[in-house]
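Reader: I am new to this structure. Could you walk me through it, one feature at a time?

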Amino acid sequence: MNAWFTEEQTRDMRLSLRVRSLLHRERSGYQEIAVYETAEVGRLLVLDDVIMTSERDEFGYHEMISHVALCTHPAPRRVLIIGGGDGGTLREVARHREVEEIHMVEIDERVIEVSRRFLPSIAAAFDDPRLRLHIDDGIEYVRAAAEKGDRYDVILCDSTDPVGPAAGLFSADFFRNAAAALGEEGLYAAQTESPYFNRELLSGVQRDLREAFGRSYLYLSAVPTYPGGLWSFSMGSKGPDPTGAELHFERVEGMPLRFYSPEVHRAAFALPPFVRELLPGEARGAR
Ligand code: SPD
């Protein structure tokens, strides 16, 4: 079979993956959802022609969006996941025994259902009894949580790219609401795209997180099917320092992790100069 799935990663750059078969395609109320069996990266989830996750490289994303914050917060009992319908972030959060409640707000229920059926190794924790699943708009959910005085310890934003409805998840207004929906030592971590191809977005996010939380951090991982392969995560903190001495690595002992480790946690904050220059002025010298 000579079929290929091609993602237009930038206007001038494409990634093609040989397709063994198309396992599923549908149009939900929000987007086109497709799952391919590929020759190189196993099963691949695609939303509106954009790669969301693949069996081969998902761990560098899901482990890093989750464990960095969960090993930094002093007592992460209530965790909110925004987006993340494939379930990979939920799977990682659910590994933490100290987490008592996992709230997840996903706008498109069909992404969850398709992932449960076709990506069982990723969508592995939807039956966890600590999960409270909300099919809703993450932006509205966080605004309402902030207004009600609902308080989380950690919020993880596992969003799609910042286009269409997801653009609001990268806005200063959203970060202020996220800060208000977090407790005193609250931590917010989000995927923030490629440091090669989304530079303006990334420096704006860092500036706005710093304004909303007081402290912001940027760290890196590797996700070969995403544009450029080098991927960024941004963190807003009301107190705990993910680069400091008080980290809780004992929490991940014994977990079957393939990317995250204490060494990788620390190394992820070592930024090449071309990435460091995206940090707000006062933070550039500090790390
Ligand atoms: N360019 C694709 C970025 C997608 C980030 N989110 C992926 C969701 C994986 N759980």
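Reader: How much confidence does the model carry, and where is confidence lowest and highest?

Author: This is a predicted model, and pLDDT gives the predictor's confidence in each residue. Here the protein has a mean pLDDT of 97, with 99% of its residues at 70 or more. Helix α9 (residues 281-284) is where confidence is lowest, at a mean of 76, while helix α2 (residues 88-94) has the highest, at 99.

Reader: Now the helix pair. At what angle do α4 and α5 pack?

Author: Angles from 65 to 115 degrees count as roughly perpendicular and those under 35 as roughly parallel. Helix α4 (residues 138-148) packs against helix α5 (residues 172-180) at about 45°, and their axes are 8 Å apart. The two helices are therefore oblique to each other. The crossing in which α4 passes α5 is left-handed.

Reader: Which residues make the contact?

Author: From α4 come G138, I139, V142, R143 and A146, and from α5 come D173, F174, N177, A178 and A180. Sorted by class, this contact of α4 with α5 has 6 nonpolar, 2 polar and 2 charged residues.

Reader: Let me pick D173. Is D173 buried, partly exposed or exposed?

Author: Buried means under 20% relative accessible area, and exposed means over 50%. D173, found in helix α5, has 40% relative accessibility and so counts as partly exposed.

Reader: How far apart are the C-alpha atoms of D173 and E282?

Author: They are separated by 22 Å, and the two residues lie 109 residues apart along the chain.

Conventions
Residues numbered from 1 in each chain as written. Predicted model: local features only at pLDDT ≥ 70, side-chain atom pairs only at ≥ 80, totals over all residues. Heavy atoms only, no water. Axes fitted to C-alpha atoms, helices over the stretch in contact; angles between N-to-C directions. Helix = DSSP H or I, 4+ residues; strand = E, 2+ residues; numbered from the N terminus. Parallel < 35°, antiparallel > 145°, perpendicular 65-115°, else oblique. Left-handed = near helix turned anticlockwise from the far one by under 90°. Contact = heavy atoms within 4.5 Å. Nonpolar A, V, L, I, M, F, W, Y, C, P; charged D, E, K, R; others polar. pLDDT = per-residue confidence, 0-100. Buried < 20%, exposed > 50% of the residue type's maximum accessible area, 1.4 Å probe, protein only.
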